[in-house]
Amino acid sequence: MSDGGGGQEAEQFRVVRPVVHLTPPVGWLNDPNGLCRHDGTYHAFYQHNPAADVWGPMHWRHATSRDLHTWQDDGIALAPDEHGAIFSGSAVCDSGGTAGFGTGAMLALFTHAGGQGQVQSLASSTDGLRTWAKYDGNPVLVPASGEKDFRDPKVFRWGSPSGQGHWVMVLAVGTRVEIYRSDDLRSWELTSSFGPDLSGIGVWECPDLFEVRVDGAGDTCWFLTLSGTNAGAHGHGGTLAISGTFDGVAFEPHDPAAPPPLVDHGPDFYAAQTFAGLPRGRTVWTAWLSSWHYALSVPSGGWRGALGIPRELDAVSTRDGYRLRQRPTAELTSLRGRCVLRHEGPLARVSLRPDDDTFAYDVAVELGPGQDVGGAVLEIGDEQAAVVTLTLTAGVVVVERRSPPGRFVADSFEQTYAAALDPEEPGVVRIVIDSTSLEVFADGGKTVVSATWFWNGVPALFLASNGDADASVACRVEVHELRPHATG
Ligand code: FRU
């Protein structure tokens with residue numbers, strides 16, 4: 001679906017709307033909020049300004065999906081009020097009715113940002129997330145000593161869903177993550193604080209704390225994740241993941257001296273949040289696909305911003321400790337349509353272009369082990385210009401990005417992003433391409449690079465072997481179109 005609406009710019013520049021990414025129908029999107037599954041439906045809320053395609057008075061807008069990847073808009077869920085704008089937060093199902101809104105009520109915990117500073121508030125829904133009522137007693141948590149940055153509550157249940165246990169909230173407070181507990185989601189007690197020295201990562205935002213499976217076996221491991229406005233590649237925003245233990249009260253990192261690894265080596269994966277309410281053992285998250293450094297300067301179609309494809313999470317033990325692994329979901333694979341290219345061996349440059357206005361591909365490249373030549377090059381653009389050049393060899397993945405022809409975005413947009421690959425781990429690299437983004441999953445999901453890109457209209461996708469075509473290149477490529485399920 002393309003989008004012609006919006007401001008003056010939208011008339012001159014045709015931004016084609018992604019098909020397997022959540023975008024706002026109009027206006028602005030940043031962080032994912034309140035991600036959850038309820039009664040078999042996935043719900044995503046997000047930071048939204050309905051009035052303009054720039055950040056402004058923040059609302060939560062709602063979208064629903066049956067498959068995590070094709071989304072239907074459900075309108076505004078929470079709008080600014082006398083306490084201020086609605087900043088980021090999370091949602092949980094109160095199976096035990098602990099908050100007093102009934103058994104199975106949905107509760108949203110979010111930051112109110114206004115004249116009184118940043119405070120945490122509560123809203124409830126008893127009609128399956130269609131409508132929300134803000135709690136009369138808001139705010140439910142105010143800063144103890146006037147902290148300016150006091151936001152982005154992520155809440156989950158410790159213990160059994162409706163029996164023994166308590167609620168836990170992680171909150172970004174200055175340069176620490178505070179951990180609170182509550183029995184009723186209304187009164188919160190500070191139980192611990194985690195504040196390693198991470199100087200240089202910028203403002204701390206959007207923490208999360210969750211348990212994932214390790215090595216596909218019965219073992220589990222906790223991760224505290226955190227976004228920093230300068231934590232990422234070239235000083236862009238970035239999301240860090242710290243492995244450790246959690247006992248319901250405090251988080252202890254496995255290795256306090258180790259610098260926390262980035263979960264994504266591209267510029268565009270920020271404010272990540274896990275979904276609540278998934279079956280036990282399944283962890284999925286997504287993030288805002290942009291960077292504050294240029295988010296306001298990218299081309300607009302009357303809407304700006306997208307969430308990344310929801311990613312399946314687990315962990316692997318490596319010689320450097322536990323590492324988070326992110327992989328495309330089985331639901332995404334089920335959206336594969338026609339196979340438009342299947343090839344083995346050296347590949348002369350081929351171009352692919354859809355018959356219609358969609359530009360969404362699922363690319364799988366299999367690299368042979370231990371090669372320092374060969375691999376694949378993928379370009380997006382036309383014969384004259386490429387806006388993205390992705391070079392894949394067994395040792396490294398490199399994404400070079402340019403502004404679209406005739407429309408400069410920003411110096412901080414025109415950069416090269418590289419990540420080393422584990423030569424011991426050959427295998428399939430998945431590249432999920434949609435009309436404004438590219439997400440590369442390599443090393444079995446240990447190495448990910450996400451970057452947005454823009455083009456005026458619909459470009460082509462070019463693929464070729466990298467380097468000397470005579471080299472013993474063991475490169476297998478398979479490209480499928482991605483097609484949305486019909487919604488409704
Ligand atoms: C992160 C963030 C959050 C805040 C929200 C406001 O991108 O700055 O810390 O709650 O965006 O829109």
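User: Is S192 buried or exposed?

Analyst: This is a predicted model. Burial is judged by relative accessible area, and a residue under 20% counts as buried. S192 has a relative accessible area of 15%, so it is buried.

User: Where does S192 lie, and which residues does it touch?

Analyst: S192 belongs to strand β12, residues 189-194. Leaving out residues up to four places away in sequence, S192 touches V177, E178, I179, V249, A250 and F251.

User: In what order do the strands of the open sheet run?

Analyst: Strands of a sheet pair through backbone hydrogen bonds, either parallel or antiparallel. Here four strands form an open sheet in the order β5-β6-β7-β8, with antiparallel pairing. The edges are β5 (85-94) and β8 (133-134); each has a single partner strand, so one side of each is left without a neighbour in the sheet. Within this sheet, β6 (residues 105-114) and β7 (residues 117-125) pair over nine bridges, and M106 stands opposite S125 in β7.

User: How many residues of strand β17 are buried?

Analyst: Five of the five residues of β17 (residues 270-274) are buried, so the strand is largely enclosed by the rest of the structure. β17 pairs with β18 (residues 283-288) in the antiparallel sense over three bridges, and Q273 stands opposite T286 in β18.

User: Which residues touch the most other members of the largest nonpolar core?

Analyst: In soluble globular proteins, nonpolar side chains tend to be buried together. The largest nonpolar core here has 38 residues, of which V363, L378, I380, I431, I433 and L438 touch the most other members. Apart from this core lies another, of 23 residues, including A44, M58, W71 and L278.

User: Which residues is L438 in contact with?

Analyst: Setting aside neighbours within four places in sequence, the contacts of L438 include L378, I380, I431 and I433. Also among them are V388, V399, V432, V449, S450, A451 and W453.

Conventions. Residues are numbered from 1 along each chain as its sequence is written. This is a predicted model: local features need pLDDT of at least 70, side-chain atom pairs count only at pLDDT 80 or more; totals for chains, interfaces and linings use all residues. Side-chain values use heavy atoms; hydrogens and water are left out. A nonpolar core is a set of buried Ala, Val, Leu, Ile, Met, Phe, Trp, Tyr and Cys residues joined through side-chain atoms within 4.5 Å. Buried means under 20% relative accessible area, exposed over 50%, partly exposed in between (1.4 Å probe, protein chains only). Contact means heavy atoms within 4.5 Å. Two strands pair if DSSP finds at least two bridges between them. Helices (H or I, at least four residues) and strands (E, at least two) are DSSP runs, numbered from the N terminus.
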